[in-house]
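Hello,

Here is the structure I promised to pass on to you. Please open it beside this email, and then read on for what was found in it.

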Amino acid sequence: MACKERTGYDYQYFRIPGTGASTVLIPKKYFSMPVRLFQYLNENKVTTICWVTGALSLCSELGTFEEIRPEFVKKVFFTGSVMPCRHLRVWQENLPGAVFVNHYGPTEITASCTWHVVDHLVSEDETLPIGQPFRNTNILLITEEGKEAAPGETGEIYVRGTSLALGYYGNPEKTREVFVRNPLNPIYDETVYRTGDLGKYNEQGELLFCGRKDAQIKHMGHRVELGEIEAAALSMPEIQEAVCLYQKEKQQIWLFYTGAGTSPREIAGYLRERLPNYMIPRKFCAMDQMPLNFNGKINMNELREKMK
């Protein structure tokens, strides 16, 4: 892969031999200026983008399409966290000829390991499948008993494949915890990765993301799925991003959110119309933006620090 820097421009692009394509590296600062970001895409005739969901949501939330549209974009891949369908719908309506693809995958499998092509105009309250595995990758759904999950049953997502990492550098204890032997293979040692995510297959055989295993809590005598609270919060038009965490010591549900024009009282009232009282967060924390880790995903550890 050859690299050439264009003089007079604030970016580099990589030419991929034999494809006629180039990879454009977008300056990070443009992701805080959505109009300039779209201008940049048009200036460089970008046809395919692969962004974390937060970047797409920011553009739709701030009304960027009312000012400008990416004229050349034909494929949109998104990953990193659950894509709010109300934001995806804005992209679909403004780029009706584009293909939208939902990606899922942890860093330990070298980024994405499943994909799903969105083949219809989404409704604002639906949940997208994460689809089917890439080539040379397999998804296993394992129950708490170490058995394969039955059709429609929820299990932890285990991943195996040629792109699986060897482990964590300098951290053998963590490596042994999540890089484990395949419980469904009694014949020989085969390493798989325990994602900590929960999933199940729908009637169409598509894999659904059902939240984090550590996001299933026991609260006030009820089993609560924090992802369900997040989904309800994200259906509120004013909320752009939402993350629910549980402070076990004080038995409090916290909701971290981004989005202007609403108050904790209004959010709580909105949630009470959709959720039972025991699922209503005790603490609401407005964020200017969600903290991100190196991979562009929401930094849960940093949010947990705010709960102390």
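Arg194 is partly exposed, with a relative accessible area of 26%; the classes used here are buried for under 20% relative accessible area, exposed for over 50%, and partly exposed in between, with a 1.4 Å probe and protein chains only. Before going further, please keep in mind that this is a predicted model, in which local features need pLDDT of at least 70 and side-chain atom pairs count only at pLDDT 80 or more, while totals for chains, interfaces and linings use all residues. Residues are numbered from 1 along each chain as its sequence is written, and side-chain values use heavy atoms, with hydrogens and water left out.

Which residue does Arg194 meet in a salt bridge? Its partner is Glu156, and the closest N and O atoms are 2.9 Å apart. A salt bridge here is a side-chain nitrogen of Lys or Arg within 4 Å of a carboxyl oxygen of Asp or Glu. Glu156 sits in strand 10 (residues 155-161) and Arg194 in strand 12 (residues 191-201), so this pair ties together parts that are 38 residues apart in sequence. Helices (H or I, at least four residues) and strands (E, at least two) are DSSP runs, numbered from the N terminus.

Glu156 is buried, at a relative accessible area of 5%. Glu156 also forms a salt bridge with Lys213, where the closest N and O atoms are 3.3 Å apart. Lys213 lies in the loop between strand 13 (207-212) and strand 14 (216-219), so its pairing with Glu156 in strand 10 ties together parts that are 57 residues apart in sequence. Lys213 is partly exposed, at 33%. Together, Glu156, Arg194 and Lys213 are linked in a network of salt bridges.

A search of the whole structure finds eleven salt bridges. Another one of them joins the side chains of Glu273 and Arg274 (3.2 Å, N to O). Glu273 is exposed, with a relative accessible area of 64%, and Arg274 is partly exposed at 42%.

**The nonpolar cores**

A nonpolar core is a set of buried Ala, Val, Leu, Ile, Met, Phe, Trp, Tyr and Cys residues joined through side-chain atoms within 4.5 Å. The largest one has 26 residues, of which Ile49, Trp51, Phe78, Trp91 and Phe100 touch the most other members. Elements that each supply at least two residues of this core include strand 4 (48-52) and helix 3 (85-94). Helix 1 gives the most, with four residues. A second, separate core has 23 residues, among them Leu226, Ile239, Ala242 and Tyr246.

Three strands form an open sheet in the order 16-17-18, with mixed pairing; two strands pair if DSSP finds at least two bridges between them. Strand 16 (241-247) and strand 18 (283-286) are at the edges, each with a single partner strand, so one side of each has no neighbour in the sheet. Strand 17 (residues 252-258) and strand 18 run parallel and are joined by four bridges. Across this pair, Tyr257 stands opposite Ala286 in strand 18.

In the loop between strand 6 (99-104) and strand 7 (114-118) you will find Thr110. Thr110 has a positive phi of about 60° although it is not a glycine, and Thr110 is exposed at 55%. Ala111 is in the loop between strand 6 and strand 7 too, and its phi is also positive, near 75°.

Happy exploring!
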